[in-house]
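Here's a quick briefing to read alongside the model. Keep the viewer open and click along as you go.

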Amino acid sequence: MQTIRLFLASLLLCLSLLGAAWLQSRQPRPVSLLPTLTGQVEYCLTCHADLPEISPSHPVETFGCVLCHGGERLALDADLAHSTMRGGRNPSEFAVVEASCGSGDCHSGTAQDQRDHIQRAVTSVQGTYAGAIASIRFTYGAQSDQTARLGVYPVQDDHLTTATGLASLGTFDPSQESSPSVKAFADYCLDCHLSAEPLPGAQYARLTGCAACHTPTANTDLDQPVHRLTTAIPYTQCNTCHNRGNYDLRQMQFHPRTDQPVDRLHDYYQPIAQFVRCEWTLDCVDCHTRFEAMGDGDIHSNKKEIQYIQCRTCHGTLDELPLTRTIAGQDDLALRMAFLNPVIDLKVGDTVLVTEQGEPLWNTRQLADGAFELFGKATGQRFTFRPVMGTACEQKLDQQESRDCHECHSVKR
Amino acid sequence: MKANPTRPSFFHHLHPPTIPAPQARFRYTLGAGGLSVYLVLLLVITGILEMFFYVPSPGEAAESVQTLAFLVPYGWLVRNLHYWVAQLLVVVAIIHLLRVVFTGAYAPPRRFNYLLGLALLLLSLLLDFTGYVLRWDEGVQWALVAGTNLVKSIPILGEGLYRLVVGGTQPGPAALIRFYAWHIFGLTLALVGVGAWHLFRVRRDGGIAVPPPEARRDASRISRFELVRREALAAILATAVLIVVASILPAPIAPPIREGSPLAAEARAPWFFLWVQQLLKWGDPFIFGVLIPVMVIVLLAGIPYWLPNPRPDELGRWFPAGNRAASLLLVILVIILLLLTILALSPLSTFP
């Protein structure tokens, strides 16, 4: 009797050991990665081997996953591994961006070393939404002028470089506002700054923080993660916020555009807009510069203070050629930008257009005959154009704003 | 398993040649004492295996636990076993204590060995707590801070004791290496030493408590070979159950404590200290967190000395009449501790 009991118990023990061995055999085979930047082994690829590399500038063998995303590099349990990730699926959210994109002085630093991306984006009007807030508060009597005082988060700038730069913004707190319209604005109209969750719908689909622009998600299902960062930003990504409709300031409501564009000409701008051919054949980023889109490092009160590209930036005027610069060395910003998005084979000695603030339009090049070529940053398409000088243009010399050019050159649709 | 009864092996020799059959029954002993010894053996083996991977430094401790749990082949099994065996040891040791008191087996000459047993229970709890802290992850942070702050609350001696335990003004590298040394060396050595003494005293005090020969209804005895067979059966079954449990239920694990890690929102002590955590909600940490638990231990230790003992002819069975006071006291104590534990677990009870 005793012997049988012992035998059965031993059988049970053997079965339990076999069960444990079976469980061990079902464990995923760990896939290790030793990124050169961290020197610390990580096992994220055990489950995420099928993710495409985020961009050629962030090779996975160099960066790994943890440097940007955080998380537990050794854990093979999904809950534990993901529990300490920065910003959930999006480490570029402004709340955590310093620790992810900014760590190791990558995208955080000074204007001198060209690494102040985070500082510029966080203080930009797209980040703070200071322009809309100031405008609404001024309209409804909560402040006496249109100078911004508040943003969706507080910011500070110790180093002003422009005449309109502000030293700081406080936090826009709807509970401190007395005007019902300003309160309603807070409830219904804070959907388009870089930290705001997008409105529901594929046409609004974008992430937040840096990825709002640099991760192409437009017209996709946001539940499907997109593992991509790019400087080749198509107009559709800008249009997840811009050109989507209009705000009704009396009802304090957003009215989405109702047309159903089928081609790019009709899709680019809202039906009411006036624009010229190059605007809709190019992408927004082909003309609008880093300072305009990401901020120039100063806190501004509205878009007008930061948007400065005009038709004449590329085309010049009747009596002036556009500004240009010849690339002198390998460290030139234009070369570095062209390296990131190689739509153009820019070389030392090439002459590119520059803006009045000295920003290179690195996707352009002066040709031997004085004309220019431009490559679409998102499309790679090549365009050529001549300066206005010496043409039959009848524009008056004192009317050189883009809207003056639109008088003759606007597109009919 | 044919053993020569005239020449017992070393292992057989550790057992008395025969023991009385009625008191050798499982329903009398509950197998708790023997199982405790076996569980300690399992803990030593799995603990040694864990030491090959564990790194006792704040920066690496939790990550080395993750390495063991996820990357080392069968590391998860070793870790989960170590965890579950440790939990089971506390349960089995408490069952052993209940059995000894409810059968009155602590009566002289076994009074001193009862104290040794109590010391072993306390050592097991300290080993559990120090082992728990070695994870050095967010899950243990609250218990680490609260537990060590209790030491600080002791009047006059507190500050000095705290420095002794923690090795500084707050838990850091010195605290971890101290907990590690206590866990793998100091407390383990004490447990094995006192444990050996406890087993020696069992034999010296005449083996398992039995009534005098003339009072026995059943005078039959079983041999050491039969006893060892029963022990082997219990050990094999316990191992099988533990392997199944360790395969299904992973030991708790959490992200490492890092610079600026927030204290976990749900602060919960390890289950065997939940009653102390509940007491702490009611007032002064010294009175409720130190004095009352010490009084519970003193009360338990005083049972054989202050309360009426059973008569010798009442020994060897459950709930002898002469032992009513001790049984009643222990029942009340167990109910109070259980209630406190349930209260600590209930969502209504919040920490101030």
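This is a predicted model: local features need pLDDT of at least 70, side-chain atom pairs count only at pLDDT 80 or more; totals for chains, interfaces and linings use all residues.

Residues are numbered from 1 along each chain as its sequence is written, while chains are lettered from A and ligands numbered from 1 in the order in which they are written.

**Around T84(A)**

- You'll find T84(A) in the loop between α5 and α6 (117-123) of chain A; helices are DSSP runs of H or I with at least four residues, strands are runs of E with at least two, and both are numbered from the N terminus.
- Skipping neighbours within four places in sequence, T84(A) is in contact with G70(A), G71(A), E72(A) and P255(B), where contact is C-beta atoms, placed from the backbone, within 7 Å.
- R312(A) sits 228 residues from T84(A) in sequence and 50 Å away in space, C-alpha to C-alpha.

**Where the chains meet**

- Chain A puts 22 residues into the contact and chain B puts in 20 residues.
- On the chain A side, α1 (2-26) and α5 (78-83) each supply at least two residues, and the largest share, 13 residues, comes from α1(A).
- That side of chain A has twelve nonpolar, seven polar and three charged residues; Ala, Val, Leu, Ile, Met, Phe, Trp, Tyr, Cys and Pro count as nonpolar, Asp, Glu, Lys and Arg as charged, and the others, Gly among them, as polar.

**Helix α8 of chain A**

- Helix α8 (residues 130-139) of chain A is mostly covered, with seven of its ten residues buried.
- Those buried residues are A130(A), G131(A), A132(A), I133(A), A134(A), I136(A) and R137(A).
- They pack against α7 (125-128), β1 (150-151), β3 (168-171) and α9 (180-188) of chain A.
- After α8(A) comes G141(A), which has a positive phi, near 80°.

**Chain B overall**

- Chain B has 14 helices and two strands, and 36% of its 352 residues count as buried.
- Its C-alpha trace spans about 70 × 45 × 35 Å along the principal axes.
- Take contacts in chain B between residues at least 6 apart in sequence: 79% of them join residues at least 24 apart.

**Helix packing in chain B**

- Helix α4 (residues 32-51) and helix α6 (residues 75-102) of chain B have axes that come within 9 Å and cross at roughly 155°; axes are lines fitted to C-alpha atoms, for helices over the stretch in contact, and angles run from 0 to 180 degrees between N-to-C directions.
- So α4(B) and α6(B) are roughly antiparallel to each other, a label for angles over 145 degrees.
- The residues of the contact of α4(B) with α6(B) are 16 nonpolar, six polar and three charged.
- The axes of α6(B) and helix α7 (residues 111-134) of chain B come within 10 Å and cross at roughly 160°, which makes α6(B) roughly antiparallel to α7(B).
- Among the residues of α6(B) that meet α7(B) are L89(B), V90(B) and L97(B); the α7(B) partners include Y114(B), L120(B) and D128(B).
- The contact of α6(B) with α7(B) divides into ten nonpolar, three polar and one charged.

Key:
Two residues are in contact if their C-beta atoms, placed from the backbone, lie within 7 Å. A residue is buried if 20 or more other C-beta atoms lie within 10 Å of its own, exposed if 12 or fewer, and partly exposed in between; C-beta atoms are placed from the backbone. Angles under 35 degrees count as roughly parallel, over 145 as roughly antiparallel, 65 to 115 as roughly perpendicular and the rest as oblique.
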